[in-house]
Amino acid sequence: METLIVYTDGACSGNPGPGGWAYVVAGDAGPSASGGEKNTTNNRMELIAVIRALEYACGSGAPVEVRTDSQYVKNGITAWIGNWKRNGWKTASKEPVKNRELWIELDALAERTKARLTWVEGHAGEEYNERCDELARAEIAKLRA
């Protein structure tokens with residue numbers, strides 16, 4: 001079965017401030033979705049974008065690769081989360097992990113879908129990453145209107 005490749009992005013105007021998230025499935029007619037929140041952070045929007053993408057992917061049955069331009073999300077789910085769980089959801093500096101509820105949701109979805117997360121450079125001309133950015137920023141514009 002062919003791998004489902006999904007790009008994600010989150011954006012925020014002010015941090016915190018109005019924010020938007022989006023995902024785009026790679027391909028000629030790949031579906032997309034987006035949304036936003038009136039008062040949020042960039043990191044929350046990045047996490048929600050990946051969560052929504054994996055919720056979509058759950059129904060496909062295909063292997064999933066999520067391509068994100070967020071080092072925070074990529075490193076969090078591939079390198080840091082094991083230690084956070086072992087340390088009672090505390091960071092290496094003994095502070096509570098921010099966005100814990102989203103990390104728990106993302107961890108469960110990543111496990112369920114066996115998703116692989118990879119980092120892509122943002123604002124570097126990657127077609128689907130740029131499309132995600134446009135969709136996320138459009139959500140911010142809607143919130144400001």
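# A guided tour of the predicted model

Begin by selecting N129, which lies in helix α4 (residues 127-144); helices (H or I, at least four residues) and strands (E, at least two) are DSSP runs, numbered from the N terminus. The model is predicted, so local features need pLDDT of at least 70 and side-chain atom pairs count only at pLDDT 80 or more, while totals for chains, interfaces and linings use all residues. Residues are numbered from 1 along each chain as its sequence is written, and side-chain values use heavy atoms, with hydrogens and water left out.

Is N129 buried or exposed? N129 counts as buried, because its relative accessibility is 1%; buried means under 20% relative accessible area, exposed over 50%, and partly exposed in between (1.4 Å probe, protein chains only). Now display the residues around N129. Not counting residues up to four places away in sequence, N129 touches Y7, T8, D9, D69, V120, E121, G122 and H123, where contact means heavy atoms within 4.5 Å.

Next, select Y7 from that list. Its bridge partner in β4 is R67. The strands β1 and β4 run parallel and are joined by 5 bridges; two strands pair if DSSP finds at least two bridges between them.

Now show the whole sheet. It is open, with 5 strands in the order β3-β2-β1-β4-β5 and mixed pairing. The edge strands, each pairing on one side only, are β3 (32-40) and β5 (116-119). From one strand to the next, the twist averages 20 degrees. Axes are lines fitted to C-alpha atoms, for helices over the stretch in contact, and angles run from 0 to 180 degrees between N-to-C directions. Helix α2 lies across β4 and β5, at about 140 degrees to β5.

The axes of α2 (residues 71-86) and α3 (residues 100-113) come within 11 Å and cross at roughly 100 degrees. On the α2 side the contact is made by Y72, V73, G76, I77, I81, W84 and K85, and on the α3 side by W103, L106, D107 and A110.

Leaving aside neighbours within four places in sequence, L54 is in contact with V64, V66, L106, L109, A110, T113 and A115.

Finish with the loops. Most residues other than glycine have a negative phi, and most peptide bonds are trans. In the loop between β1 and β2, find P16; a cis peptide bond joins N15 and P16, with omega about 15 degrees. Then select K94, in the loop between α2 and α3. Phi of K94 is positive, near 70 degrees, and K94 is exposed, with a relative accessible area of 60%. N99 is in the loop between α2 and α3 and has a positive phi of about 65 degrees. N99 counts as buried, at 14% relative accessibility.
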